[in-house]
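Subject: Structure for you to look at

Hello,

Here is the structure I said I would pass on. My notes on what was found in it follow below.

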Amino acid sequence: MIARAACAFAALLLTGAATAGTLTPQQQRGKQLYLTGESAAQRRVTALIGADEVEVAASVVPCGSCHARSGRGNPEGGITPSNLQWDVLSHPATTDDRTRAAYTPALLRRAITMGIDPSANHLQPTMPRYRMAIEEMNDLLAYLEKLGTDYDPGLTDDVIRIAAVLPTEEREQAAVRGALTAWFSRLNQDGGVFGRRIEPRFTTTSGTADKRAAAFREFLEREQPFAVTAAWISGADDAMSAVAEEAHVPTIAAFTADLGADDRRYVFQLLAGVREQSLALVAAAVGEHRATARVTILADEATSGFASKLRDTLTDAGCKHVSVASALPLDAQHVLYLGAPSRLDAVLAAAAVLAAPPYVLIPVAHSSGDLTAAPAALDGRLLLALPSSPDDLTPEGEAELRALDVPPAAATSARIALASAKLLVEALRGPGRNLDRDVLLTTLETFYRTPTGLTPPITWTPSRHTGSHAVRIIGVDVKAKRWVDRGWWEGE
């Protein structure tokens, strides 16, 4: 028996050495059991509580609820749970004027099931005694050997590595990088996030969606960030989001055209994307005439799939006459433009010469140039959707941008990037020191109308990763060369 215990102990140590920084499948199962009290194989795991040995599901009192994710213990109600990290357990210790010998795997098994330490002392009465199959016990012991050291990439005891994907335009790129660097530096001077210093990493991507996704993947593999904030992925939304999902890296997309995916686990969209902007534009244009208004979604090869999904959404919302086209119909009434910005001028020129010029509805990511210079025939017939505007700035937000020396020409990019960073840091603070990527995701999904001082309030839930559905609709007075504010609409 002693020989087998010694061999098991040696194997446990060797397993930890061979997989430092990662978890084996067994350790991953043990982690689930430690944090949730639930068996990965769905076998029954229970706990006996108090002198009366009341039996409850272990999920009611999982190890991590008292001993914390780190294993160091969460003091509560005058009780300080023991430190379960292996470098502590495997050495003798003195607590409360009582000395205990070092734990071995066999002695730790006894403590978990019977509440007795290596020196035959009874553990605190609040310590449950767990009942589980031998497979679950082995999984748990394997994980306890890694407890407190199984940090996700980019996370250590004193550093959180955060990445940002910058805009491609040089002036905006410099402004965003400068603002985030200065803001993180000030955060670090104030103690960082519970003693952890933010270590920023920056990149940008260009080219086709596939090339941008490949560059993003290579960057994540090289830099190993814990999370990504202020990610400019517009034009490669699906491809770059897929990279973040595959790498399991929490990512806040600061600026994205969004092709309508709220089912992503790791990607959070800051503002209303093309889907929300499109719905708001149609609502503003057709008003109460949804059932009779004709809506043509003008798409190209890149957006045709999204256009088809949007057509179905509009139909479900009561629009009975919605079609998708690649060219402007002669009888167009309301045209939702989802083509390349470079083609917009040609489409406006074609619309202007029709016998009855249509209303043209344009999400901002598909706009280009000065719309007040559009053909006169389209006066009052152009609507532009914006997911945010300078009016979103509070006095505190304006002061932040001034303190960061953000140039006015790049103020929009900088404030959206800064809002992304502020939200991420707020989520990093939520769990204190007990941080990992899963906890970060769960925390982000609890944000409800969270103010940034720079954007509309942000709400994220497990089923909604688009932070704001609010869209500002702007009309264009072509004759007077001015914008006309049509107010905020919800693109839901």
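Serine 413 sits in helix H14, which spans residues 411-429. The model is a predicted one, and this applies to everything that follows. Is serine 413 buried or exposed? Its relative accessibility is 6%, and the cut-off for buried is under 20%, so serine 413 counts as buried. Leaving aside residues up to four places away in sequence, serine 413 touches Glu172, Val176 and Trp232.

As for distances, valine 165 and aspartate 405 are 240 residues apart in sequence, and their C-alpha atoms are 20 Å apart in space.

Some figures for the chain as a whole. There are 492 residues, and 49% of them count as buried. The secondary structure consists of 15 helices and 17 strands. Taken along the principal axes, the C-alpha atoms fill a box of roughly 95 × 50 × 40 Å. Of the contacts with a separation of 6 or more, 62% are between residues 24 or more positions apart.

Next, the region around helix H9 and strand E9. Helix H9 covers residues 237-247, and its buried residues are Asp237, Met240, Ser241, Val243, Ala244 and Glu245. What covers the buried residues of H9? The elements involved include strand E6 (159-166), helix H8 (209-223), E8, E9 and strand E10 (267-269). Histidine 248 follows H9 and has a positive phi, near 60°. Strand E8 (residues 227-232) pairs with E9 in the parallel sense, over 3 bridges. Valine 228 has threonine 251 in E9 as its bridge partner. E9 is mostly covered, with 4 of its 5 residues buried.

Helix H6 (residues 134-144) is mostly covered too, as 8 of its 11 residues are buried. These are Glu136, Met137, Asp139, Leu140, Leu141, Ala142, Tyr143 and Leu144.

Then there is an open sheet of 7 strands. In what order do the strands of this sheet run? The order is E12-E11-E13-E14-E15-E16-E17, and the pairing is mixed. Strand E12 (321-325) and strand E17 (482-490) stand at the edges; each has a single partner strand, so one side of each is left without a neighbour in the sheet. From one strand to the next, the twist averages 25°. Strand E11 (residues 294-298) pairs with E12 in the parallel sense over 5 bridges, and the bridge partner of arginine 294 in E12 is histidine 321.

Helix H12 (residues 344-352) lies across E11, E13, strand E14 (359-363) and strand E15 (382-386), and runs at about 165° to E14.

Last, the cavities. How many cavities of 30 Å³ or more are there? The count comes to 4. The largest cavity has a volume of about 170 Å³. It is lined by 16 residues, and the closest to its centre are Arg69, Ser70, Asp150, Tyr151 and Leu435. By class, this lining has 4 nonpolar, 3 polar and 9 charged residues.

The second largest cavity has a volume of about 70 Å³. Of the 12 residues that line it, Phe255, Thr256, Leu271, Ala272 and Pro387 lie nearest its centre. Strand E9 (251-255) and helix H10 (274-286) are the elements that give two or more residues to this lining. The lining of the second largest cavity has 9 nonpolar and 3 polar residues, and no charged ones.

Regards

Definitions and conventions:
Residues are numbered from 1 along each chain as its sequence is written. This is a predicted model: local features need pLDDT of at least 70, side-chain atom pairs count only at pLDDT 80 or more; totals for chains, interfaces and linings use all residues. Side-chain values use heavy atoms; hydrogens and water are left out. Buried means under 20% relative accessible area, exposed over 50%, partly exposed in between (1.4 Å probe, protein chains only). On a 1 Å grid over the protein atoms alone, a cavity is a set of points where a 1.4 Å probe fits but cannot get out, and a pocket is an open set with protein on both sides within 12 Å along at least five of seven lines; lining residues have an atom within 4 Å of a point. Grid points are joined across faces, edges and corners, and a volume is the space filled by probe spheres set on the points. Ala, Val, Leu, Ile, Met, Phe, Trp, Tyr, Cys and Pro count as nonpolar, Asp, Glu, Lys and Arg as charged, and the others, Gly among them, as polar. Two strands pair if DSSP finds at least two bridges between them. Axes are lines fitted to C-alpha atoms, for helices over the stretch in contact, and angles run from 0 to 180 degrees between N-to-C directions. Contact means heavy atoms within 4.5 Å.
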